[in-house]
Amino acid sequence: IKNAPVDHRLSGKHVIVTSGPTHEPIDPVRYIANRSSGAQGTAIAAALRDLGARVSFVTGPAEVPPPHGVDVIRVQTAEEMRRAVEAALPADAAVMAAAVADWRVSNANGSKIKKDGSGRPPVLEFTENPDILAWIGALEAGRPELVVGFAAETDDVILHASSKRMRKRADWIVANDVRPETGIMGGAENAVTLITHEGAEEWPRMAKSDVAIRLAERIADSLTGSVL
Ligand code: CTP
Ligand code: CA
């Protein structure tokens, strides 16, 4: 067994991390969701834990298991995720890595929808879900000192991500290019650009676990006032 060097730069700090998709029910056996393995959010929670932070890990139904040594709060829907984040406050930082479904089905059925033999499919109606990042970014009282969002984009990555940073009042946005040809969706690597008030910083393509370590170090720099 190798002993990793102990680094407690974030001890005494509390960080909320959201991760994974949300599932929005259509009926008891069906749902709509975004594609998300939960790998990046899970790696970030583990990296923050390794720096000594107390981590509240609010996760939708992800493919990868949650890390050890964090407080795991399992949710299904965006509304449950928002309430779980609220219940986990106060926090020093919040990292919103979840792929939250933008809409939920407003006419979800309490029992399984059956084919009625007419050949006509059911008509689903949608309502917009709460934007958890925008909500936490705009909190008047109890806003975490550092609010970090993600932006998965397929075009004009920096432009879209920068406008998301402003619109959602996030301090940082971790932007990633999810065009299918990058092979990033569902893969082990990520190529991100960190958008801060100072501008856009392109990181080389690296393992999701390394993106997580680098981001956790930057969060530690920010929360402990170390020079950037
Ligand atoms: N997010 C959130 N709650 C939502 C939607 C998004 O907290 N209901 C967060 C995500 O976790 C992410 C950031 O907002 O950190 C950006 O998500 P994204 O889906 O890229 O942004 P949207 O505003 O939903 O824009 P788009 O129309 O491009 O999906
Ligand atoms: Ca969205």
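Colleague: Between which helix and which strand is the loop that holds Arg169?
Modeller: This is a predicted model, in which local features need pLDDT of at least 70 and side-chain atom pairs count only at pLDDT 80 or more, while totals for chains, interfaces and linings use all residues. Residues are numbered from 1 along each chain as its sequence is written, chains are lettered from A and ligands are numbered from 1 in the order in which they are written. Helices (H or I, at least four residues) and strands (E, at least two) are DSSP runs, numbered from the N terminus. On that numbering, the loop that holds Arg169 lies between helix 4 and strand 10.

Colleague: What is the phi of Arg169?
Modeller: Most residues other than glycine have a negative phi. Arg169 is not a glycine, yet its phi is positive, with a value near 55 degrees.

Colleague: Is Arg169 exposed, partly exposed or buried?
Modeller: A residue is buried if 20 or more other C-beta atoms, placed from the backbone, lie within 10 Å of its own, exposed if 12 or fewer do, and partly exposed in between. Arg169 has 16 other C-beta atoms within 10 Å and is therefore partly exposed.

Colleague: Why does Asp156 count as exposed?
Modeller: Asp156 lies in the loop between strand 9 and helix 4 (157–167), and its phi is also positive, near 45 degrees. Asp156 counts as exposed because its C-beta neighbours inside 10 Å number 10.

Colleague: How many bridges join strand 9 to strand 10?
Modeller: Strand 9 pairs with strand 6 in the parallel sense over 4 bridges, where Ala94 has Val147 as its partner in strand 9. Strand 9 and strand 10 also run parallel, and the bridge partner of Phe150 in strand 10 is Val174. The bridges between strand 9 and strand 10 number 6.

Colleague: Which residue of strand 12 stands opposite Ala175?
Modeller: Strand 10 (residues 172–177) and strand 12 (residues 192–196) pair in the antiparallel sense over 4 bridges. The residue opposite Ala175 in strand 12 is Thr193.

Colleague: Which residues touch the most other members of the largest nonpolar core?
Modeller: A nonpolar core is a set of buried Ala, Val, Leu, Ile, Met, Phe, Trp, Tyr and Cys residues joined through C-beta atoms within 7 Å. Leaving aside neighbours within four places in sequence, the contacts of Ile44 include Val17, Val95 and Leu215. Of the 56 residues in the largest core, those touching the most other members are Val17, Ile44 and Leu48.

Colleague: Which strand gives the most residues to the shell around ligand 1?
Modeller: The shell holds 16 residues, the closest being Met96, Val100, Ile132, Leu133 and Gly149; a residue is near a molecule if its C-beta atom, placed from the backbone, lies within 6 Å of it. Two or more residues come from helix 3 (132–137) and from strand 9 (146–153). With 4 residues, the strand that gives the most is strand 9.

Colleague: What separation do the C-alpha atoms of Arg35 and Pro21 have?
Modeller: Arg35 lies in the loop between strand 3 (30–33) and helix 1, and is exposed, with 11 other C-beta atoms within 10 Å. Along the chain, Arg35 and Pro21 are 14 residues apart. Their C-alpha atoms are separated by 6.7 Å.

Methods. Two strands pair if DSSP finds at least two bridges between them. Two residues are in contact if their C-beta atoms, placed from the backbone, lie within 7 Å.
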